[in-house]
Amino acid sequence: MPTRADRHLRSVKLAKECADLGARVRTIHKLTGLPPREIQRLFFTNPMAIPRGRPPASPEWYHGANLLFRTDASIFATTYQRLRCGGFSPEESLLGAYRQYQRVCPSPPRISFDRAFDLASHTDGIWIATAPSFSVVTCPCCSSAYLCAMGAVAQSDACPFCKLVVRFGTDARVQSSFPARPLPHPSVFHQEMLVRQHLARACHRESEQQCESFQGGGRAD
Ligand SMILES: [Zn+2]
(Lines give C-alpha, C1' and ligand atoms only; values in the text may rest on other atoms or scores of the structure.)
Protein backbone atom coordinates (compact mmCIF):
# COMPACT_ATOMS: atom_id res chain seq x y z
CA MET A 1 0.00 0.00 0.00
CA PRO A 2 1.41 3.45 -0.92
CA THR A 3 2.75 5.47 1.99
CA ARG A 4 1.82 9.07 2.70
CA ALA A 5 5.16 10.12 1.19
CA ASP A 6 4.39 8.17 -2.00
CA ARG A 7 1.00 9.81 -2.32
CA HIS A 8 2.48 13.26 -1.73
CA LEU A 9 5.24 12.76 -4.31
CA ARG A 10 2.69 11.51 -6.83
CA SER A 11 0.53 14.60 -6.19
CA VAL A 12 3.52 16.93 -6.65
CA LYS A 13 4.46 15.18 -9.91
CA LEU A 14 0.88 15.49 -11.19
CA ALA A 15 0.78 19.14 -10.08
CA LYS A 16 3.95 19.89 -12.04
CA GLU A 17 2.56 18.26 -15.19
CA CYS A 18 -0.61 20.35 -14.85
CA ALA A 19 1.33 23.58 -14.17
CA ASP A 20 3.47 22.92 -17.26
CA LEU A 21 0.26 22.70 -19.32
CA GLY A 22 -0.91 26.10 -18.00
CA ALA A 23 -3.28 25.03 -15.21
CA ARG A 24 -4.36 27.60 -12.66
CA VAL A 25 -3.91 27.05 -8.92
CA ARG A 26 -7.58 26.10 -8.41
CA THR A 27 -7.43 23.38 -11.07
CA ILE A 28 -4.24 21.89 -9.64
CA HIS A 29 -5.72 22.00 -6.16
CA LYS A 30 -8.88 20.16 -7.26
CA LEU A 31 -6.86 17.52 -9.11
CA THR A 32 -4.18 16.86 -6.51
CA GLY A 33 -5.61 17.96 -3.16
CA LEU A 34 -2.41 19.95 -2.52
CA PRO A 35 -3.03 23.19 -0.57
CA PRO A 36 -3.24 26.28 -2.81
CA ARG A 37 -0.43 28.00 -0.88
CA GLU A 38 1.91 25.07 -1.48
CA ILE A 39 1.00 25.02 -5.18
CA GLN A 40 1.79 28.73 -5.45
CA ARG A 41 5.07 28.30 -3.60
CA LEU A 42 6.20 25.37 -5.76
CA PHE A 43 5.05 26.40 -9.24
CA PHE A 44 4.19 30.09 -9.32
CA THR A 45 7.23 31.87 -7.93
CA ASN A 46 6.31 35.01 -9.85
CA PRO A 47 2.97 36.25 -8.40
CA MET A 48 2.36 38.28 -11.57
CA ALA A 49 2.42 35.09 -13.66
CA ILE A 50 -0.36 33.33 -11.74
CA PRO A 51 -3.33 32.66 -14.11
CA ARG A 52 -6.30 34.65 -12.81
CA GLY A 53 -9.88 35.45 -13.79
CA ARG A 54 -13.10 33.51 -13.58
CA PRO A 55 -12.66 29.75 -13.89
CA PRO A 56 -14.41 28.12 -16.88
CA ALA A 57 -18.06 27.07 -16.53
CA SER A 58 -18.52 24.70 -19.45
CA PRO A 59 -22.18 23.55 -19.24
CA GLU A 60 -23.30 27.09 -20.10
CA TRP A 61 -20.29 27.98 -22.26
CA TYR A 62 -20.35 25.00 -24.63
CA HIS A 63 -23.86 25.48 -25.96
CA GLY A 64 -23.19 29.15 -26.77
CA ALA A 65 -19.61 28.73 -28.03
CA ASN A 66 -18.78 29.19 -31.69
CA LEU A 67 -18.35 26.24 -34.01
CA LEU A 68 -14.55 26.09 -33.77
CA PHE A 69 -14.63 25.94 -29.97
CA ARG A 70 -17.31 23.24 -30.05
CA THR A 71 -15.29 21.08 -32.45
CA ASP A 72 -12.15 21.49 -30.34
CA ALA A 73 -14.06 20.67 -27.15
CA SER A 74 -15.48 17.58 -28.86
CA ILE A 75 -12.03 16.44 -30.01
CA PHE A 76 -10.70 16.73 -26.46
CA ALA A 77 -13.76 15.15 -24.78
CA THR A 78 -13.88 12.22 -27.20
CA THR A 79 -10.23 11.36 -26.55
CA TYR A 80 -10.74 11.78 -22.79
CA GLN A 81 -13.71 9.41 -22.81
CA ARG A 82 -11.88 6.85 -24.95
CA LEU A 83 -9.02 6.78 -22.44
CA ARG A 84 -11.43 6.46 -19.51
CA CYS A 85 -13.11 3.52 -21.24
CA GLY A 86 -9.63 2.05 -21.77
CA GLY A 87 -9.10 1.88 -18.01
CA PHE A 88 -6.96 4.98 -17.42
CA SER A 89 -7.59 7.07 -14.32
CA PRO A 90 -9.35 10.45 -14.71
CA GLU A 91 -6.04 12.28 -14.14
CA GLU A 92 -4.12 10.19 -16.68
CA SER A 93 -6.96 10.53 -19.17
CA LEU A 94 -7.08 14.31 -18.72
CA LEU A 95 -3.34 14.74 -19.30
CA GLY A 96 -3.21 12.25 -22.18
CA ALA A 97 -6.27 13.69 -23.94
CA TYR A 98 -5.07 17.28 -23.54
CA ARG A 99 -1.62 16.51 -24.96
CA GLN A 100 -3.21 14.70 -27.88
CA TYR A 101 -5.53 17.67 -28.44
CA GLN A 102 -2.51 20.02 -28.48
CA ARG A 103 -0.88 17.82 -31.14
CA VAL A 104 -3.80 17.81 -33.55
CA CYS A 105 -5.15 21.35 -33.09
CA PRO A 106 -3.72 24.71 -34.06
CA SER A 107 -1.36 26.55 -31.76
CA PRO A 108 -2.14 28.30 -29.45
CA PRO A 109 -4.92 25.89 -28.49
CA ARG A 110 -8.45 27.28 -28.19
CA ILE A 111 -9.20 24.97 -25.29
CA SER A 112 -7.09 25.81 -22.25
CA PHE A 113 -6.07 23.12 -19.77
CA ASP A 114 -8.49 24.66 -17.26
CA ARG A 115 -11.30 24.40 -19.82
CA ALA A 116 -10.34 20.78 -20.55
CA PHE A 117 -10.43 20.01 -16.82
CA ASP A 118 -13.88 21.61 -16.59
CA LEU A 119 -15.16 19.67 -19.62
CA ALA A 120 -13.83 16.39 -18.21
CA SER A 121 -15.38 17.16 -14.81
CA HIS A 122 -18.81 17.73 -16.32
CA THR A 123 -18.54 14.75 -18.68
CA ASP A 124 -17.67 12.31 -15.88
CA GLY A 125 -19.45 14.05 -12.99
CA ILE A 126 -16.22 14.23 -10.97
CA TRP A 127 -13.88 16.81 -9.35
CA ILE A 128 -15.95 20.01 -9.44
CA ALA A 129 -19.16 18.38 -10.75
CA THR A 130 -21.55 16.21 -8.76
CA ALA A 131 -23.21 14.67 -11.83
CA PRO A 132 -22.48 14.43 -15.58
CA SER A 133 -24.02 17.18 -17.69
CA PHE A 134 -22.35 16.21 -20.99
CA SER A 135 -22.17 13.02 -22.96
CA VAL A 136 -20.25 12.00 -26.07
CA VAL A 137 -22.47 10.70 -28.87
CA THR A 138 -21.84 9.52 -32.44
CA CYS A 139 -23.33 11.50 -35.30
CA PRO A 140 -25.62 9.28 -37.44
CA CYS A 141 -24.53 11.18 -40.57
CA CYS A 142 -20.71 11.56 -40.43
CA SER A 143 -19.98 9.04 -37.61
CA SER A 144 -17.93 11.63 -35.71
CA ALA A 145 -18.14 11.60 -31.93
CA TYR A 146 -19.16 14.94 -30.46
CA LEU A 147 -20.04 16.49 -27.13
CA CYS A 148 -23.68 17.24 -26.33
CA ALA A 149 -25.95 17.83 -23.35
CA MET A 150 -26.55 14.74 -21.23
CA GLY A 151 -29.53 12.82 -22.60
CA ALA A 152 -29.59 14.60 -25.98
CA VAL A 153 -30.16 12.41 -29.05
CA ALA A 154 -27.36 12.32 -31.63
CA GLN A 155 -28.39 14.14 -34.81
CA SER A 156 -26.65 15.67 -37.77
CA ASP A 157 -28.18 19.11 -37.07
CA ALA A 158 -26.36 19.29 -33.72
CA CYS A 159 -23.06 17.77 -34.91
CA PRO A 160 -20.28 20.41 -35.08
CA PHE A 161 -18.32 18.33 -37.60
CA CYS A 162 -21.23 18.16 -40.06
CA LYS A 163 -21.58 21.96 -39.75
CA LEU A 164 -17.83 22.34 -40.23
CA VAL A 165 -17.91 20.40 -43.49
CA VAL A 166 -20.74 22.59 -44.79
CA ARG A 167 -18.98 25.82 -43.79
CA PHE A 168 -15.46 24.84 -44.86
CA GLY A 169 -15.91 25.79 -48.51
CA THR A 170 -17.11 29.33 -47.80
CA ASP A 171 -15.71 30.35 -44.39
CA ALA A 172 -12.12 31.64 -44.46
CA ARG A 173 -11.82 31.42 -40.67
CA VAL A 174 -12.73 27.73 -40.72
CA GLN A 175 -10.32 27.12 -43.62
CA SER A 176 -7.43 28.78 -41.79
CA SER A 177 -8.24 26.82 -38.63
CA PHE A 178 -8.09 23.48 -40.39
CA PRO A 179 -5.40 23.77 -43.08
CA ALA A 180 -4.63 20.63 -45.01
CA ARG A 181 -1.70 19.01 -43.24
CA PRO A 182 -0.73 15.49 -42.22
CA LEU A 183 -1.92 14.48 -38.74
CA PRO A 184 0.52 12.85 -36.32
CA HIS A 185 0.51 9.10 -36.70
CA PRO A 186 -1.81 7.47 -34.10
CA SER A 187 1.13 5.32 -32.96
CA VAL A 188 2.72 8.43 -31.35
CA PHE A 189 -0.28 8.82 -29.04
CA HIS A 190 -0.56 5.07 -28.48
CA GLN A 191 3.14 4.94 -27.55
CA GLU A 192 2.77 7.76 -24.99
CA MET A 193 -0.16 6.09 -23.27
CA LEU A 194 1.73 2.79 -23.14
CA VAL A 195 4.64 4.61 -21.49
CA ARG A 196 2.27 6.23 -18.98
CA GLN A 197 0.71 2.84 -18.22
CA HIS A 198 4.16 1.32 -17.76
CA LEU A 199 5.24 4.17 -15.44
CA ALA A 200 2.05 3.88 -13.40
CA ARG A 201 2.61 0.14 -12.94
CA ALA A 202 6.27 0.65 -12.05
CA CYS A 203 5.30 3.33 -9.53
CA HIS A 204 2.72 0.99 -8.01
CA ARG A 205 5.24 -1.86 -7.73
CA GLU A 206 7.79 0.50 -6.15
CA SER A 207 5.20 1.64 -3.59
CA GLU A 208 4.39 -1.96 -2.72
CA GLN A 209 8.08 -2.79 -2.26
CA GLN A 210 8.64 0.28 -0.07
CA CYS A 211 5.59 -0.60 1.96
CA GLU A 212 6.88 -4.14 2.50
CA SER A 213 10.30 -2.83 3.59
CA PHE A 214 8.67 -0.32 5.95
CA GLN A 215 6.46 -3.01 7.42
CA GLY A 216 9.59 -5.07 8.01
CA GLY A 217 11.53 -2.20 9.55
CA GLY A 218 9.14 0.05 11.48
CA ARG A 219 6.82 2.95 10.64
CA ALA A 220 5.11 3.11 7.27
CA ASP A 221 5.44 6.90 6.89
ZN1 LIG B 1 -21.83 14.78 -38.14
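**Entry one: a serine in a loop.** I started at Ser 143, which I found in the loop between β1 and β2. I take helices (H or I, at least four residues) and strands (E, at least two) as DSSP runs, numbered from the N terminus. I looked up phi of Ser 143 and got a value near 65 degrees, which is positive in a residue other than glycine. Is Ser 143 buried or exposed? Ser 143 counts as exposed because it has 9 C-beta neighbours inside 10 Å. My cut-offs call a residue buried if 20 or more other C-beta atoms lie within 10 Å of its own, exposed if 12 or fewer, and partly exposed in between, with C-beta atoms placed from the backbone.

**Entry two: ground rules.** I note that this is a predicted model, where local features need pLDDT of at least 70, side-chain atom pairs count only at pLDDT 80 or more, and totals for chains, interfaces and linings use all residues. Residues are numbered from 1 along each chain as its sequence is written.

Strand β1 covers residues 134–138 and strand β2 residues 145–149, and they pair in the antiparallel sense over 5 bridges. I count two strands as paired if DSSP finds at least two bridges between them. Opposite Thr 138 I found Ala 145 in β2. The hairpin has 6 residues between its strands.

Trp 127 counts as partly exposed, because 17 C-beta neighbours lie inside 10 Å.

I then moved to α2 (residues 25–32) and α3 (residues 36–43), whose axes come within 9 Å and cross at roughly 115 degrees. The axes are lines fitted to C-alpha atoms, for helices over the stretch in contact, and the angles run from 0 to 180 degrees between N-to-C directions. Which residues of α2 and α3 make the contact? From α2 come Val 25, Ile 28 and His 29, and from α3 come Pro 36, Ile 39 and Gln 40. Contact here asks that C-beta atoms, placed from the backbone, lie within 7 Å.

**Entry six: the whole chain.** From the N terminus on, I read the order as α-α-α-α-α-α-α-β-β-α-α-α. Of the 221 residues, 25% count as buried.

Definitions and conventions:
Contact = placed C-beta atoms within 7 Å.
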